[in-house]
Amino acid sequence: MEKMTYCQSCGMPLTKGTHGTEHDGSQNNDYCLYCYKHGTFVDDCTMDDMIAISLQHMKEAGILAEQGKTEEETKEFLDSFFPELKRWKK
Ligand SMILES: [Zn+2]
């Protein structure tokens, strides 16, 4: 089975067709197309900004309800998950 990869900026699962692109149009394997386009990051935001955006997105997409998690629990998870991602790793 293929290993599941996540966007190393926003944490969303990277599936076929959701990869970012390099300047020459080739595929980038670390980031999604919402974060990384034409060899550069789309948003120049901080990790905290990205966590807030992700949380909002998960809430709107009904993922919190689906997983039976509160907003606080999910925020806690994201706060520990994001520093592991390549873009935010110090
Ligand atoms: Zn992303």
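Q: Where is histidine 19 found in this model?
A: This is a predicted model, and in it histidine 19 is found in strand E1.

Q: And is histidine 19 buried or exposed?
A: Histidine 19 has a relative accessible area of 17%, so it counts as buried, given that buried means under 20%.

Q: Which residues does histidine 19 touch, leaving out those up to four places away in sequence?
A: With those set aside, histidine 19 touches Leu14, Gln27, Asn28, Asn29, Tyr31, Cys32 and Leu33.

Q: Cys32 is in that list, so what does the zinc ion have as its protein donors?
A: The zinc ion has the SG atoms of Cys7, Cys10, Cys32 and Cys35 as its protein donors, and these lie 2.2 to 2.4 Å from the ion.

Q: What is the geometry of the site of the zinc ion?
A: The site is tetrahedral, with angles of 106 to 115° among the 4 donor atoms. For reference, the ideal angle for four tetrahedral donors at a metal is 109.5 degrees.

Q: Are cysteine 7 and cysteine 32 buried or exposed?
A: Cysteine 7 is buried, and cysteine 32 is buried as well.

Q: Changing topic, where does glutamate 22 lie?
A: Glutamate 22 lies in a loop, the one between strand E1, which covers 19–21, and strand E2, which covers 27–32.

Q: Why does glutamate 22 count as partly exposed?
A: Its relative accessibility is 24%, and therefore glutamate 22 counts as partly exposed, because that class covers what lies between the 20% limit for buried and the 50% limit for exposed.

Q: What does glutamate 22 touch, again without residues up to four places away in sequence?
A: Glutamate 22 touches Gln27, Asn28, Tyr36, His38 and Gly39 on that basis. As for cysteine 45, which is 23 residues apart from glutamate 22 along the chain, the C-alpha atoms of the two are separated by 19 Å.

Q: What about pockets, and what volume does the largest pocket have?
A: The largest pocket has a volume of about 580 Å³. Of the 23 residues that line this pocket, the closest to its centre are Cys10, Gly11, Met12, Ser54 and His57.

Q: How many residues of each class are in the lining of the largest pocket?
A: The lining has 15 nonpolar residues, along with 5 polar and 3 charged ones.

Q: How far in space is glycine 11 from aspartate 24?
A: From C-alpha to C-alpha, glycine 11 and aspartate 24 are 24 Å apart, while in sequence they are 13 residues apart.

Q: Last one: where is threonine 74 found?
A: Threonine 74 is found in helix H3, and at 3% relative accessibility it counts as buried. Apart from neighbours within four places in sequence, threonine 74 is in contact with Leu55, Met58, Leu64 and Lys69.

Note on methods. Residues numbered from 1 in each chain as written. Predicted model: local features only at pLDDT ≥ 70, side-chain atom pairs only at ≥ 80, totals over all residues. Heavy atoms only, no water. Helix = DSSP H or I, 4+ residues; strand = E, 2+ residues; numbered from the N terminus. Buried < 20%, exposed > 50% of the residue type's maximum accessible area, 1.4 Å probe, protein only. Contact = heavy atoms within 4.5 Å. Donors = N, O, S within 2.8 Å, 3.2 Å for Na, K, Ca; no water. Tetrahedral: all angles 85-135°; square planar, octahedral: opposite > 155°, others 65-115°. 1 Å grid on protein atoms, 1.4 Å probe; cavity = no way out; pocket = protein on both sides within 12 Å on 5 of 7 lines; lining within 4 Å. Points joined across faces, edges and corners; volume = space filled by probe spheres on them. Nonpolar A, V, L, I, M, F, W, Y, C, P; charged D, E, K, R; others polar.
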